[in-house]
Every structure is written in structure tokens, then in C-alpha cells.
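Biologist: Hi! Could you walk me through this one?

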Amino acid sequence: MNKFIEKYINGSLSILLLVFYLVLSWILHRTGYEHSENIFIAEKIKLLFDSTEKNILVTLGTSYPTIVFLSSLIFTPFGYLYAPILASIALTVMLYYTLLKDFKESSKLPDFVYIPLLSLLFFLHPGLIYGAISGRGVAAILVFFYFLFRSLFRYYRTQTTFYLSMASIYMTCLVFCDFNFIWLLLAFFPFIVLVSLEGLKINKEQAPISQYFDSVNNTSQRRKLTNRAVAIYIILFLLPIGALFLFGYLNDTHAGNQDYFLNSQYANWHVLGNVSIGNIIINDHTNVSYQTQLLFQFYVIALNPLLLLAFFYFKGKLYELFTLLAPFILMAILIINTQYYFMIEYYLVFLILALVGLSFYANKQFTKKVTWFLVFIAGLLNVFTGIYYFKRTNDREEKVFFNSIRDYKNWLQEKNYSEDYRVAQYITNVADINNKVLIDDAAAFQIVAHLKSLEGIELPLNKSFGTVIENPISGVKFICVAKLSNALKNYTVLNTYNLNQMEMKGQFITELVFDTPNWSVFKIYPLDE
Amino acid sequence: MAQCVLHKMALDNSFTDEKLDAVLHIANIYSYAPIKAALNFGFMVRRDYLAYLEKQNYPIIDLRNEELDEAYVNQCDISHMNSFLYIPLRKNAEGDLLIAAADPFDEKLITSLVIKFKCKIKLVAASDLDITWLSHKLRGGFFVKEAVFSLMKKHPESSALITFTDAQLYFIFGFIALTLIFFIIFFKLTFITVNLFSSLFFLFSIVFKLYLALTGSKSELHSVVSKSEIKGVNELTLPVYTILLPVYKEDKLIRKLIWNLRSLDYPKAKLDVKLLIEEDDDKTLNAVRNLDFPANFEVIVVPFHMPKTKPKACNYGLYFSRGEYLAIYDAEDVPDSDQLKKVVCQFRKLPEEFVVLQGALNYFNKNENLLTRMFTLEYSYWFDYMLSGLETLDVPIPLGGTSNHFKLATLMELGAWDPFNVTEDADLGLRVFDNGYKVGVVNSTTLEEANNEFFNWIRQRSRWIKGYMQTYLVHMRNPARLVRQVGWRGFFGFNFFIGGTSFTFLLYPILLIFFIVYMIFKFPFIRSIFPDWVLYISIFNFVAGNVLMIYVNMLAVFKRRYYELILFAILNPIYWLMHSRAAYMGLWQLITKPFYWEKTNHGLSKLSSTSAVVTPE
């Protein structure tokens with residue numbers, strides 16, 4: 001029966017979920033919804049494969065989040081724009097399948113409880129659906145977050161180096177999905193110290209805090225405690241830190257800046273896509289008071305009733321509890337210095353955390369019917385809180401996603417083409433080797449991603465870009481500029497303001513040939529024509 | 001009625017009846033003279049015994065200076081002389097055949113010798129060690145020749161007597177010539193290609209090691225033999241277990257050795273321990289002679305024959321071994337006390353095709369100095385993770401120097417160790433796979449003495465790396481045959497693990513020099529041979545390779561709970577440079593003196609093995 005469930009039920013459900021996500025993503029695509037991170041990654045893939053410049057390493061070697069970028073590369077044959085979506089769908093389905101398998105193996109919940117619970121979440125939770133079909137890096141974060149915590153829990157059970165080293169590898173992947181997770185370095189501190197107590201010869205009958213005092217008040221035990229804690233720390237964090245060091249070093253060698261992958265709008269979508277809290281307050285006339293210390297933690301718990309249940313069932317199990325608390329500490333650390341709005345991934349990781357907890361909880365209480373009922377109700381509540389989150393999210397693109405899904409009447413209406421797509425169409429029509437177009441993909445990545453080809457396009461990646469930007473008339477016939485209304489105008493030199501400056505210097509004269517609310521395409525002529 | 005000296009001693013109350021019964025039981029199992037069983041199984045102090053004989057008016061003759069008629073010796077079989085401890089000398093004036101024997105009271109021996117020589121016999125007393133020394137020296141010729149040439153006769157393609165075959169020489173020189181030509185014609189392109197190939201090879205072999213380590217670390221999750229299984233073993237069903245202890249000028253370690261052997265949890269009567277001493281090694285022989293407590297091993301003297309290597313000694317010892325299973329230890333080794341029982345249990349559980357089990361090695365003097373710490377890091381990952389990883393992936397396992405346990409019959413069938421290979425154990429591990437058998441890993445540790453002196457370490461390591469090169473050359477004489485025998489996975493694993501290890505060490509300093517010169521000086525010339533993309537890949541490979549290697553080292557000591565050593569793994573790049581130094585020395589020796597055995601000095605540690613905690617896992 002077990003093999004049957006694993007082989008057929010889990011497989012069939014996963015395929016069903018895959019089809020469900022594919023259909024939903026197709027519908028969403030028809031409504032014209034495209035997430036900017038999806039397009040950002042698609043544009044980088046386009047540069048990688050379509051650019052005639054030999055220096056593609058700057059794209060391949062600095063694009064971040066690296067894991068999201070690399071996982072999208074696998075799906076390139078299905079089209080650049082669709083590759084990140086397919087990657088995130090594949091990762092989410094993989095997560096679903098793994099969870100089904102892990103619940104079967106590790107939790108004492110019966111099949112008829114955990115299968116509907118997980119299916120309910122993956123088929124109906126808007127956050128998980130968003131993670132799967134938006135083409136963002138959310139799915140990769142969730143997968144590696146799950147694997148990281150699963151490995152830690154397995155480490156407690158077996159005390160084997162294997163799971164600790166696997167945790168380190170997943171930690172590395174997680175950091176290359178979202179840099180903020182490197183701060184787990186601090187967040188894991190309490191549980192690492194507690195786990196280190198395990199190997200000491202102290203009275204295990206007493207409370208952990210007494211065990212801790214016993215160990216620090218004895219020279220030999222204190223040395224052992226320190227050695228073990230430092231060892232776990234190093235094993236867990238050497239790989240992510242080493243990988244970051246290497247990545248930073250490579251960035252420095254090729255882009256002249258160690259933090260290029262974090263700070264450059266050419267390498268990292270978050271530079272452009274993160275929504276500043278100041279902007280939310282000014283533009284949306286609202287506040288994000290829940291994104292403050294303590295309130296945020298409570299807000300997260302409120303959004304994740306399953307997590308509350310996991311806490312409840314882990315009471316008295318100190319390591320597991322501290323492990324479940326680590327992401328809360330992480331968020332407390334992040335809030336100290338974060339000026340931008342936390343998007344859905346920072347909420348979804350707590351849902352995943354709850355699932356890790358529940359899948360590993362093997363107490364007798366899980367054989368009680370009341371527990372089954374509670375788990376299922378909490379799962380259902382989680383779906384509703386997911387909807388609640390999207391209703392009041394302050395991220396514009398999350399709002400658009402939610403509305404696109406909710407307004408099912410628009411699903412089958414004529415496809416809505418985006419502004420960037422229309423600009424790209426125009427440029428595709430005019431650009432060729434003799435009529436080059438100057439574009440800065442720092443802000444115009446969405447346009448570049450929609451171009452049919454990169455022939456006749458002058459981009460910062462091109463070695464001649466430096467010369468062309470100094471004297472456009474020598475190399476291009478058209479310039480695409482961001483208008484003052486464009487939210488990304490400050491990230492590019494090719495904006496209306498700079499164009500006016502160049503014109504005032506008397507380098508050339510311009511003619512507006514295509515215009516949209518955020519973009520203008522100018523044809524340029526030498527002064528003597 | 002006295003039948004042998006032990007009965008006489010029992011009558012004199014110099015030997016207890018219980019001991020006598022035990023000795024006779026052992027003598028019966030092994031077909032030994034009772035005195036041999038008594039002296040070699042820990043029942044009697046050699047010096048006391050000789051003193052007893054003198055008291056009984058049997059002066060001990062100085063055998064080495066006695067006149068000897070070899071015609072009589074040549075009539076005797078070495079195995080019989082070795083088992084009954086006698087050697088014919090000459091006829092005396094009365095026409096009696098003088099025979100030196102360890103037990104001049106042994107009536108059974110006298111009877112058999114009278115029948116053999118058909119004349120009157122007179123036994124004179126001699127030290128059993130002198131008898132052993134002289135009998136092996138005079139009559140061990142056949143076996144020692146077999147020990148040296150048996151493999152070469154049976155499987156010439158597996159012998160390292162020829163280091164490079166003609167085809168290999170053509171290939172190597174052809175490759176070098178072609179590379180040089182390309183360098184002359186297309187310098188930049190060739191340099192970039194070689195550079196890329198080298199750095200990718202470096203990274204790949206380290207990623208492969210990480211993969212092996214992770215695969216190997218999974219073995220922690222299950223143990224093949226549980227503690228309760230070992231406790232439940234019926235000792236009556238245990239087979240005779242031979243332990244070979246090849247030594248050379250290890251006089252200082254003999255006492256330690258006895259204590260270590262005593263700690264083994266295995267029936268005393270079933271431990272057939274052979275101390276293999278070279279003919280010219282009087283130091284060790286005298287150390288055994290002068291022991292003031294009973295020895296629990298039998299001395300086998302290996303007659304002189306070149307090459308004077310450990311595998312030759314072991315091969316020689318095989319002809320006198322009685323066990324169903326056989327293990328090799330070094331003199332200073334401290335095996336887990338339950339290791340032998342664990343091996344027997346594991347062999348019984350594993351399929352028949354498993355004919356060798358390798359135990360993990362580690363060090364008792366790990367904290368002695370930086371070198372011993374680094375050595376411990378290396379051995380921990382090698383034996384705890386790498387070998388388990390290779391076993392899981394079904395890739396040929398190079399056996400470690402000691403603590404390997406064989407099925408004796410299969411070992412003989414395989415032609416035993418190659419005396420011309422200086423890492424005969426690694427070679428044998430691969431030969432086991434070649435012949436369709438398997439090598440397993442036993443989760444039991446033997447503590448050794450880590451080399452704590454720099455030049456001693458370099459010498460030892462150069463021999464190991466040279467041996468890996470030899471092994472690689474031997475098994476790559478016919479790559480197609482190797483693929484047929486071990487499969488593609490085995491072939492690939494062999495190339496990266498055996499060939500790759502030596503190659504990586506040779507490559508490492510070159511990559512490091514390029515890296516440093518480029519980073520510090522940024523010469524335009526070097527810039528031209530390091531275009532951006534090559535530089536990117538090279539830096540990635542080099543840094544990632546080093547970090548991963550450090551990490552793999554850390555994992556293994558973490559498993560061993562040697563937490564204090566973890567940070568030392570950061571020094572791994574320096575340790576690798578030492579390897580590179582040894583690798584170049586090994587390469588040079590491979591060309592100039594391939595069979596030369598760089599002797600490693602043992603007993604340099606100031607720490608005692610008894611201070612080491614041996615915790616069976």
C-alpha cells in the first residue's frame with residue numbers, strides 16, 4: 001500500500017498539480033500578467049544566448065539570485081520568457097512531491113489527512129500558486145528553505161554529519177536564492193548552542209538551561225561546548241560564506257565591485273523590484289506598521305495557523321522549538337536595517353517551516369482524531385490567511401497578480417499586451433545593423449526581453465557602449481529613454497533628463513518617433529543634416 | 001612420564017596443568033610443537049625458559065656460530081622445522097646426528113627425527129628464535145622466491161616489475177612532443193587549453209571527492225554489524241585469524257605491540273600472529289629475545305632477497321599462515337578491541353564476493369603537532385568517508401596500508417601483494433575488483449602513530465604517491481580490459497581517484513603560482529594568456545576547489561568529534577603544497593628507482609598509544 005501511494009497517488013497528484021499550474025500560468029499570460037522578476041531573468045537569458053558579444057561571463061557570472069537564474073536556464077528551450085515560470089513550477093511541484101513523500105515517511109498523520117492538507121495548500125493557497133506561476137524566485141527559496149530545515153531536523157534525529165553537511169549545501173543554495181538568508185548565521189545561534197549540549201556529559205535529566213549553566217561553569221565542559229558549537233557553526237556556514245566570498249571575488253575581478261551582484265541593477269532584480277517602505281507611505285498613503293519588531297512575528301503567526309500548531313506539538317522539545325524559532329530571529333535581524341517591504345516569500349517560508357515541523361513530529365498525539373481535524377482546519381485557515389495577505393499586500397505586482405487571478409471574467413478575453421511589449425515591437429521593426437537602437441537594459445530590461453533579436457541593439461553589455469553613450473550619433477540612429485514618469489528612471493543614464501542634457505550640448509537633434517506613458521523612442525540626427 | 005619439556009615443568013611445578021592443557025590444545029590446532037605454542041601464545045617468558053633449560057643441564061648453544069652440515073638441513077622441510085623448532089647441525093664424533101631444538105625433551109620430535117634420518121639423534125638446546133632465524137635463512141629460499149616472483153609468473157600484466165610499458169612510453173612521449181609542438185605553433189591557444197583542462201580537472205576531482213564524501217557519510221546512518229551481534233558471537237565458532245605484522249628495525253615498538261595485541265577481544269588460541277622480521281634485522285629479533293614477559297606472536301624470519309619491501313615480507317608470511325582470515329597491522333597499531341569479531345560477523349553477513357574488508361585508520365597522537373593534526377584530518381576523511389563512498393558507488397577501493405582483513409584462500413588465489421609496487425595494498429585493492437571480487441569497509445578503527453616529523457612525512461608520502469603512480473600505470477596498461485573488468489563507473493572512479501590524486505598534487509603548485517603571479521603582478525603577458533573567461537573559470541575552479549577540500553576535511557573530523565581540529569582544515573592548501581613536494585619526489589623516484597622503499601621511521605611520537613581512547617563505534 002505504501003509503495004502504491006508513493007508510486008501512483010503521489011505521482012498522479014504531482015502531475016495534476018503540474019497541469020494545474022501550467023494551465024493557470026497560461027491563463028495568466030493571456031491576461032497580460034508578467035512579473036518583472038520573471039522578465040528580468042528572461043532578459044539575462046536572452047543576453048546570454050542571443051548577444052554576439054563574447055563577454056557573456058558578466059551576465060552568466062554575476063546575475064543574482066544565481067540559483068533562480070541557473071534553474072531557469074534549464075527551461076530555455078521552451079522560450080526565454082517562459083523559462084523562469086517553468087522553473088518555478090517545476091520546483092514547486094518537486095516540493096509538493098517531496099512533502100508528500102516526507103509526510104508518508106516521517107509523520108504519523110494518516111494518508112487521508114496529510115494528502116488533502118498538502119493538496120489544499122498547493123492547489124489553493126494563493127501564495128504558493130504565486131510562487132509557482134509568477135516566475136519569481138519564490139519557489140527556489142521555498143524548496144531550499146524546506147530542504148535546509150528538513151536536514152536540520154534529520155540531523156537531530158540521527159546526529160550524523162551527513163545531514164549537517166547537506167544542511168550546509170542547502171543553506172548555500174538558499175543564500176544564492178536570497179542573500180538575506182545569510183543572517184541565519186546569527187539566527188541559528190541559540191539552537192546550535194543547545195544542540196552542542198547534546199554531546200556533553202552532564203545531567204540530561206535537568207532543564208536545558210541548567211544543563212547550559214552546568215556546562216559553562218565547568219572548564220572542561222565549557223571547552224567541549226565551545227568546540228562543538230564552533231564546529232557546528234563552521235560546518236553549517238563555511239560553504240555559504242565560502243561561496244559568497246568566491247562569488248564576490250569573481251564579481252570584483254569582472255565588474256570591479258565585490259557587491260556588484262547585490263547592488264547593481266544589471267545583476268539583481270531586487271535592486272529595481274524591492275518596494276521601499278518610504279514609497280509605500282508616500283504613494284499609497286498607508287503604513288506597514290506590521291513590518292516592525294515583534295508585530296511582524298505575531299503577524300506571521302496569525303497568517304500561519306499551521307505554524308502555531310507545530311509550536312504546540314513541539315512543546316518541551318527544545319532543539320526543534322529553537323529551530324522553528326530561528327526564522328523569527330532572522331526576521332527580527334532583517335527588520336533592523338531593512339527599508340523595503342517584505343514580499344510574499346518572507347511569509348511563505350513560515351508556512352514551509354510549519355510543514356517541516358508537522359512532517360517530523362511523530363508524537364503519539366498525531367494518532368488522535370482531534371489532531372487530524374485540527375491540522376486540516378489549520379490548513380484551511382492558512383489558505384484564507386493567504387488570500388487575506390494578497391488583499392492587503394503593498395507590493396504592486398502581487399496586487400496585480402491577485403486581481404488577475406480573481407477577475408476570472410478577463411481570463412479568456414483578448415490578450416492584453418504590456419507597454420514594454422509594444423515598445424519592443426516598435427524597436428524590433430526599426431532596428432537593424434544600419435539603424436542601431438541605444439537601450440540601457442538597467443531600466444529597459446522588460447523591453448529588451450521582448451525584442452525578437454538583439455541585432456541592431458546597443459546595450460551596456462556591448463564593448464562599444466561606452467563610446468556610444470558619449471557620442472550617440474557615432475553609433476546609433478535611435479535612443480530609447482525612460483520618461484520622468486517611469487519609476488525606474490533613476491536607474492539608467494538613458495532618461496529624458498540626460499537626453500536633454502546631451503541635446504543641449506549640441507551633439508545631435510532628436511525626433512520623437514514612438515511614445516508610451518513610460519518610454520520614448522527618439523530618432524537622432526547629426527546637427528548638420 | 002615426561003613427553004616434552006612442558007610436562008617436565010609441570011611436574012616441577014614450574015608450569016600449571018591448566019596452562020599445559022591450553023598449550024597442548026593450541027599445539028594440536030596448529031600442529032606445532034608444544035613449546036612453540038607455549039612461547040608464541042603468551043604462556044611463557046622466553047628468557048625464563050632458556051634459564052630453565054640451563055638449569056636442567058641443557059646449555060643453550062650459540063646456533064649462529066655452530067658448524068653446520070647443510071646436507072642434513074636440505075633434507076628438512078621449512079614448514080616442519082618452523083612448526084617443531086629444530087634444525088639439524090652435523091654428526092658428532094660418536095656418529096650421532098646433532099640437532100638443535102627448542103625443546104630437547106620432546107619425545108615426539110625425537111621419534112619423528114629418528115624415522116626421518118634413520119640414525120641416532122642427539123638433541124641440543126638452542127633458542128627458538130635462533131632456530132627460526134637459521135632455518136628460514138637456509139631453507140626459506142623457495143618461499144621467498146615465490147613471494148617475490150609468484151605474481152609476476154601468474155599474472156605478469158599485474159606486476160609492477162616493469163614500470164612503463166612500451167606503449168605507455170610511446171603515449172607519454174608522443175603526448176609531450178605534441179604539446180610542445182602546439183606550444184611552439186599556437187602558444188596562446190595551447191596555453192589556454194592546457195590551463196583550462198588543468199583547472200577543470202582540479203575542480204572536477206575535488207567535486208568528485210566531495211561527492212564521495214557525502215555518499216560515504218551516509219554510511220553513518222546504518223551499521224552493518226551491531227554491538228549486540230558482536231556480543232552474541234559464539235567464540236567456539238570463530239575461525240583461526242592470522243595477523244601479519246611486518247616490521248623492520250622496530251625494536252622500540254615490540255612492547256607496545258604486545259600490549260596492543262593483548263587488548264584484542266578474540267580467543268587467544270585462535271590468533272595466529274606472525275611477526276615478520278627481515279633476516280638482517282637483529283635489532284628487532286633481540287628485542288623479542290630480551291622481552292621479560294610472554295610474547296603472543298610467532299616470529300617468522302624473511303630470508304634476504306631483493307626487493308626488500310613490506311609486500312615481499314607479507315607474501316612470505318602467507319606460506320606459514322594458518323588462519324581462515326588474515327589481517328595486516330603495523331607494529332604501532334592499536335585496533336579497536338572488537339575489530340576482529342566485527343570483521344568475522346561482517347564477512348558472514350556479506351555476499352561471498354566480498355573478500356577484503358578495510359578498517360578505518362586514525363591516529364592516537366593527533367594533537368602532537370601541526371603535522372599530526374593535518375594528517376588526522378586527512379585520514380579521517382579518507383577512511384571514514386572516501387572509502388565508504390567508493391564502496392557505495394561500487395568503485396575500486398585502494399586498500400590502506402594496514403588494518404585490512406582478507407579471506408586467506410582468495411588472497412592466495414589473487415597472487416597476494418606485488419613486491420615491486422610500493423603501495424602494494426592500493427594495488428591489491430584494485431586487483432580484487434579486476435578479478436570480480438569486492439572490497440568492503442568495516443566500521444572499526446585502528447589507531448596508528450601519525451608521522452610527526454616533516455622530512456619523515458615527505459619520504460613516506462613520496463612513497464605513497466609513487467605507489468599510486470605505479471598502480472595507475474599497471475592498471476592502465478590495457479584500458480579497454482580495465483573497462484571490461486570494472487565497468488565504466490569503476491574505470492572513471494579509478495582514473496579520478498588513483499590517477500587524479502597524483503596528478504592533482506603535481507598540478508596544484510603550478511596553478512597556485514599562476515594564480516598568485518596573476519593576482520599580484522598582473523603582467524601584461526600573463527593577462528594575454530588569461531582572457532577574462534579563462535580567468536573567471538580558473539579563479540572559480542581554484543578557489544572552489546580549495547574551499548571544498550577544506551570543507552571535506554572538516555566534515556570528517558566533525559564526524560570523529562575531533563572538534564578542536566576543525567579550524568586546522570583551513571591550512572589544507574599548505575598541506576597540499578607538502579603533498580606536491582612529495583609528489584614531485586615520488587615522480588622522480590618512479591623514473592630513477594621505482595622499487596625503492598622509502599622507509600618511514602616509527603616510534604617518533606612522544607605520546608603513547610595507551611593514552612589514546614579506543615572507542616568501538
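Modeller: Happy to. A:Arg392 is exposed, because 10 other C-beta atoms lie within 10 Å (exposed means 12 or fewer, buried 20 or more, partly exposed in between, with C-beta atoms placed from the backbone). This is a predicted model: local features need pLDDT of at least 70 and side-chain atom pairs pLDDT 80 or more, while totals for chains, interfaces and linings use all residues. Residues are numbered from 1 along each chain as its sequence is written, with chains lettered from A and ligands numbered from 1 in the order written.

Biologist: Where is the place of A:Arg392?

Modeller: In the loop between α21 (369-391) and α22 (396-406) of chain A; helices are DSSP runs of H or I, at least four residues, numbered from the N terminus. Its C-alpha atom is separated by 23 Å from that of A:Val271, 121 residues apart along the chain.

Biologist: New topic: how many residues does the contact take from chain A and chain B?

Modeller: 22 residues from chain A and 23 residues from chain B, where contact means C-beta atoms, placed from the backbone, within 7 Å. On the chain A side, α3 (57-62), α9 (161-175) and α13 (219-255) each supply at least two residues.

Biologist: And which has the largest share of that side?

Modeller: α13(A), with 13 residues.

Biologist: What about α2 and α5 of chain A, which residues meet there?

Modeller: A:Asn38, A:Ile41, A:Ala42 and A:Ile45 in α2(A) meet A:Ala83, A:Pro84 and A:Ile85 in α5(A).

Definitions and conventions. Two residues are in contact if their C-beta atoms, placed from the backbone, lie within 7 Å.
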